[in-house]
Amino acid sequence: MATQDGSLVTMQTDAKPKEEEEDAALGETTEKGNSESASHAGNSATQDASGISNGDENDEDEGEMVDLKIIWNKIKYDLRIPLDSTGAKLKEKIHSLTGLPPAMQKVMYKGLVPEDKTLRDMKVTSGAKIMVVGSTINDVLAVSTPKEVMQQEVKAEENKKEPLCRQKQHRKVLDKGKPEDVMPAIKGTKERLPTVPLSGMYNKSGGKVRLTFKLEQDQLWIGTKERTEKVPMGSIKNVLSEPIEEHEDYHMMAFQLGPTEASQYWVYWVPTQFVDAIKDTVLGKWQYF
């Protein structure tokens, strides 16, 4: 019995370490499994984080993409957007990048970007620079209200006067006739600004003048034979225009550079198809917000 008891004791003693080894092995397997699960979760989180972009997550499913450089307030932003996005959609993306509300944006790419056309329609290519001009709502309200009132007063005053082209100060320039090298006019159409300066026109003194719209600097360059005046578009208070009698496919146009009519810079024989584009580019639709 003693031997059997001792043997029994010995068998129980030998079995205990074996059970401990199995438990230890099971613990290692469990810890390894937990570690692998945690590692997999970490990798998934890393992959999710690395997938963050500056557009909507489903943009990639909307067809061909284009990479743009958005420039606002001297700051550059990278934007990846579907090529078939409209100008309105582009403004929404710019809003998400800059915080500038769409209604406050003047977006330019070879002229003012129309909201109803797509980037493909505008022949926008990857790497293109999109210029954005705009201010906060408080700034715009502070400057737009006086401008709006001024425009209404000027319009009311114009209605009381005879046509501008009949006034003596303009008649002496118009009587010279249409310049031979003026750009062709297309009546009944509206076009975006051309990529080249508008040239061949006359100024108030009868000298040749050209208009260059530097959208990158938000400036209008008024060039004559003697000099080129670089005018910030934001400083132009108003833009007036009127068709020239018997030549309605051309306009006479004034840029008000100061607070009174005495500061108006007159340009004659502006092709009619560019009149609206000039006003929109210089004044910007957002100023009436």
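**Chat about the model**

A: Let's start with Ala128, which counts as buried at 8% relative accessibility; buried means under 20% relative accessible area, exposed over 50%, and partly exposed in between (1.4 Å probe, protein chains only).

Q: Before we go on, what kind of model is this?

A: This is a predicted model: local features need pLDDT of at least 70, side-chain atom pairs count only at pLDDT 80 or more, and totals for chains, interfaces and linings use all residues. Residues are numbered from 1 along each chain as its sequence is written, and side-chain values use heavy atoms, with hydrogens and water left out.

Q: OK, back to Ala128. Where is it?

A: Ala128 is in the loop between β3 (106-108) and β4 (129-133). Helices (H or I, at least four residues) and strands (E, at least two) are DSSP runs, numbered from the N terminus.

Q: And what does Ala128 touch, leaving aside neighbours within four places in sequence?

A: Asp67, Leu68, Lys69 and Tyr109 are in contact with Ala128, where contact means heavy atoms within 4.5 Å.

Q: Zooming out, how many helices and strands does the protein have?

A: Five helices and eleven strands. Of the 289 residues, 38% count as buried. If you take contacts between residues at least 6 apart in sequence, 55% of them join residues at least 24 apart.

Q: How about the surface?

A: The accessible surface is about 17,400 Å², and 51% of that belongs to carbon and sulfur atoms. Those areas come from the Shrake-Rupley method with a 1.4 Å probe; for residues, only the protein chains shown count as cover.

Q: Now the inside. Which residues touch the most other members of the largest nonpolar core?

A: Leu211, Phe213, Phe255 and Ile278, out of 44 residues in that core. Strand β11 (residues 264-271) gives the most to this core, with six residues. By nonpolar core I mean a set of buried Ala, Val, Leu, Ile, Met, Phe, Trp, Tyr and Cys residues joined through side-chain atoms within 4.5 Å.

Q: What is Ile278 in contact with, beyond four places in sequence?

A: Leu193, Leu198, Phe213, Met253, Phe255 and Val270. There's also a second, separate core of 21 residues, which includes Tyr77, Leu83, Leu100 and Ile130.

Q: Switching topic: how many aromatic pairs turn up in the whole structure?

A: Two. Rings of Phe, Tyr and Trp (its six-membered ring) pair if their centres lie within 6.5 Å; planes under 30 degrees apart count as stacked, over 60 as edge-to-face and the rest as tilted. Tyr250 and Trp269 are edge-to-face, at 5.7 Å centre to centre with 70 degrees between the planes. Tyr250 lies in strand β10 (residues 247-256) and Trp269 in strand β11, so the pair ties together parts that are 19 residues apart in sequence.

Q: Are Tyr250 and Trp269 buried or exposed?

A: Tyr250 is buried, at 3% relative accessible area, and Trp269 is buried too, at 1%.

Q: What about the rings of Trp266 and Tyr268?

A: Their centres are 6.3 Å apart and their planes at 25 degrees, so the pair is stacked. Trp266 is buried with a relative accessible area of 6%, and Tyr268 is buried at 0%.

Q: Next, β7. How does β7 pair with β6?

A: β6 (208-214) and β7 (219-223) are antiparallel, over five bridges; two strands pair if DSSP finds at least two bridges between them. Arg210 has Gly223 as its bridge partner in β7. The two strands form a hairpin with four residues between them, and Asp218 in the turn has a positive phi of about 55 degrees.

Q: And how many bridges join β7 to β8?

A: Five, again antiparallel, with β8 covering residues 228-232. Gln219 stands opposite Pro232, and Trp221 stands opposite Lys230. Four of the five residues of β7 are buried, so β7 is largely enclosed by the rest of the structure.

Q: What lies over the face of Trp221?

A: Lys214, at 4.8 Å from the ring centre. A charge sits over a ring if NZ of Lys or CZ of Arg is within 6 Å of the ring centre and within 35 degrees of the ring normal. The charged end of Lys176 sits over the ring of Tyr202, 4.4 Å from its centre.
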